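The structure under discussion is shown below.

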Amino acid sequence: MTALVADRLAKRYGSTVALDEVSFRIGAGQLVAVLGPNGSGKTTLVDLLAGFSAPSGGTVRVLGADPHRGGPAWRARIGLVPQETSLDLRLTVAEVLRAFAAAYPRPLPVGEVLALIDLAAEAGTRIGALSGGQRRRVDLGLGLIGRPEVLFLDEPTTGLDPRARRRVWACVRDLTAADTAVVLTTHYLDEAQQLADRVLVLAGGRLAADASPDELRAHAAAPTIRLPMPPVAAAELPAALKVHLDGGELVLRSADVGADLAGLLDWARRTGVDLSGLQVGPPSLEEAYLVLTGHVDPVQRERRREPSHA
Amino acid sequence: MPEVRALRAHVHYQLLLLVRTPRAAFAGLLLPLGLLLLRGDGHPGAGLVAGLTVLGALSTGYLTHAAGLVTARESGVLRRWRASPLPPWAFFAGRMVATALVAVGGAVATLAVAAVAYHVGPSPAGVVGVLVVLVVGTLCVAALGTAATAAVPTAESAQPVLSLTFYPLVLLSGALGGAAGGSDRLGQVLGLLPVEPMIDAVTRALQHGTGALPPAGDLTVLAAWAAVGLIVSLVSFRWQPS
């Protein structure tokens, strides 16, 4: 069953084109990650799909309805986790969950939601006293509480620690197993790799790719040779290889792995460089993403320098 | 009725929010009581008690209600409610009913202090009339406050914009006693705005213990302004920051 259909969907703000003739379909139980640099149109797309704004061109149907005209019965089937935490800080976690649960025709029990977001012990705590990560989990709980058939997750794990992120991932997997269609916008490519059946890559408001993570990796970028490179060794690199230095690592996207590897091994034997960290493998989703979007997203650049953050 | 259940839950939600808002306690209760003690000088007249009672109720109904809406809009809370199946009418009804309950609660506390400390209070027959005026008046200014949020771009600018449209009117209308009067042109204009009819109706109930309902003319003015507020809100209300 098709949950969402966008056909040549467009959105303009004055002379600025935020989204340019984007088309795709998403089936029930599918999780589709929407990737793209800041300003590529991700949040505009979520706004259109969730009915917050009307398209300037094209059509969109979510659960068979035009989202912009969707009434309460349609909204009861939709869940939303907005990009930024949006909660009344003076109320407790349980008070907020109970108030929203009352708006849905068949909500999850509040106790069940508290367990899902791992905040049962904080049920009586005012939201203003929670940490940023805990507030984000309340956001997620409000997105889930109506048992949505379609869930929009707009960068849901930004600011969460790795353990909390994995907990959110587990929640999301349970939802897709129960046939909920999920649209996930994220800057974390490992998140897309972990969760997504398909990836939509937006660049400059256009759809640059629509494929599974594996297909993207296979088609958008070449296999990669990686070798940690201490500064002393990096200084010895031939000019042809120096251009592939990325921080403290040689990252060589290779059209001919055999030839490039032979050259590298030969150089390493002559200079005595340690090869114990050498890796040869398919391109990462991040590399494919960078090729597709045509530039390095600042967020990703930062993350690539902090591998422990992934 | 699922909508009634949702509305009841929403009134409860908004009540919790309001009673935990320091602004509501200050403007709705502490300010009128403090002014009553300062200005009363041991013998406050019915006009002053009525004016301060209305000042407190309208502070909650207009200032606290509208500033809270702007803050909720800026923080994304309104957008989240808009994405839920709670119908917009139920959202506003819940918020306005909660606002009216808190405003009338504060006004009743002010009247109770005036009655106990200064023996200025409505007769038993006048109590119903005072409550009707306070409820209708609070709902009226809450509708106008909702409309006014369209002219407030950010939470930071809420207080100046709302205060500018509130305090001159309530002070000229006699919130501190001594209205501009009905004989001159200003007095006639004030009589057509929502605050003076409220103060007049409450003053009459305190002075004469008039019948169960306030004058129809006063209620008509309040109802007309409530209608204006609702219509402007329907056309111009924004659920998201611009």
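How many residues does the contact take from chain A and from chain B? Chain A contributes 27 residues to the contact, and chain B contributes 23 residues. The model is predicted, and the values that follow are computed from it.

## Interface of chain A and chain B

Between them, chain A and chain B bury about 2400 Å², with 58% of this area on carbon and sulfur atoms. On the side of chain A, the three residues A:Phe52, A:Arg75 and A:Arg90 supply 26% of the area buried against chain B, more than any other three residues.

Three salt bridges are found across the interface of chain A and chain B. A:Glu95 forms a salt bridge with B:Arg20, and the closest N and O atoms of this pair are 2.8 Å apart.

## Salt bridges over the structure

Over all chains, the structure holds 16 salt bridges. One pair in chain A consists of A:Arg165 and A:Glu191, whose side chains meet in a salt bridge with an N to O distance of 3.7 Å. This pair links distant parts of the chain, the two residues being 26 residues apart. A:Arg165 lies in helix H6 (residues 162–177) of chain A, whereas A:Glu191 lies in helix H7 (residues 189–195) of chain A.

## Helices H3 and H5 of chain B

Helix H3 (residues 46–74) and helix H5 (residues 88–118) of chain B pack with their axes 9 Å apart, at an angle of about 155°. Angles over 145 degrees count as roughly antiparallel, and H3(B) and H5(B) are therefore roughly antiparallel to each other. Their crossing is right-handed.

From H3(B), the contact is made by B:Val49, B:Thr53, B:Ala57, B:Thr60, B:Gly61, B:Thr64, B:His65, B:Gly68 and B:Leu69. The residues from H5(B) include B:Phe91, B:Arg95, B:Met96, B:Thr99 and B:Val102, and also B:Ala103, B:Ala107, B:Thr110, B:Leu111 and B:Ala114. By class, the residues of the contact of H3(B) with H5(B) are ten nonpolar, eight polar and one charged.

## Helices H6 and H10 of chain B

In chain B, helix H6 (residues 124–148) packs with helix H10 (residues 195–208) at an angle of about 170°, the axes being 9 Å apart. H6(B) and H10(B) are therefore roughly antiparallel to each other, and their crossing is left-handed.

B:Gly126, B:Val130, B:Val133, B:Leu134, B:Gly137 and B:Thr138 of H6(B) meet B:Met198, B:Ala201, B:Val202 and B:Ala205 of H10(B). The contact of H6(B) with H10(B) has seven nonpolar and three polar residues, and no charged residues.

## Helices H3 and H5 of chain A

Helix H3 (residues 93–101) and helix H5 (residues 132–144) of chain A cross at roughly 20°, and their axes come within 10 Å. H3(A) and H5(A) are therefore roughly parallel to each other, with a right-handed crossing.

The contact is made by A:Val93, A:Val96, A:Leu97 and A:Phe100 of H3(A) and by A:Val138, A:Gly141 and A:Leu142 of H5(A). The residues of the contact of H3(A) with H5(A) divide into six nonpolar and one polar, with no charged residue.

Terms used
Residues numbered from 1 in each chain as written. Chains lettered and ligands numbered in written order. Predicted model: local features only at pLDDT ≥ 70, side-chain atom pairs only at ≥ 80, totals over all residues. Heavy atoms only, no water. Axes fitted to C-alpha atoms, helices over the stretch in contact; angles between N-to-C directions. Helix = DSSP H or I, 4+ residues; strand = E, 2+ residues; numbered from the N terminus. Parallel < 35°, antiparallel > 145°, perpendicular 65-115°, else oblique. Left-handed = near helix turned anticlockwise from the far one by under 90°. Contact = heavy atoms within 4.5 Å. Nonpolar A, V, L, I, M, F, W, Y, C, P; charged D, E, K, R; others polar. Buried area = accessible area lost by both parts, 1.4 Å probe. Salt bridge = Lys/Arg side-chain N within 4 Å of Asp/Glu carboxyl O.
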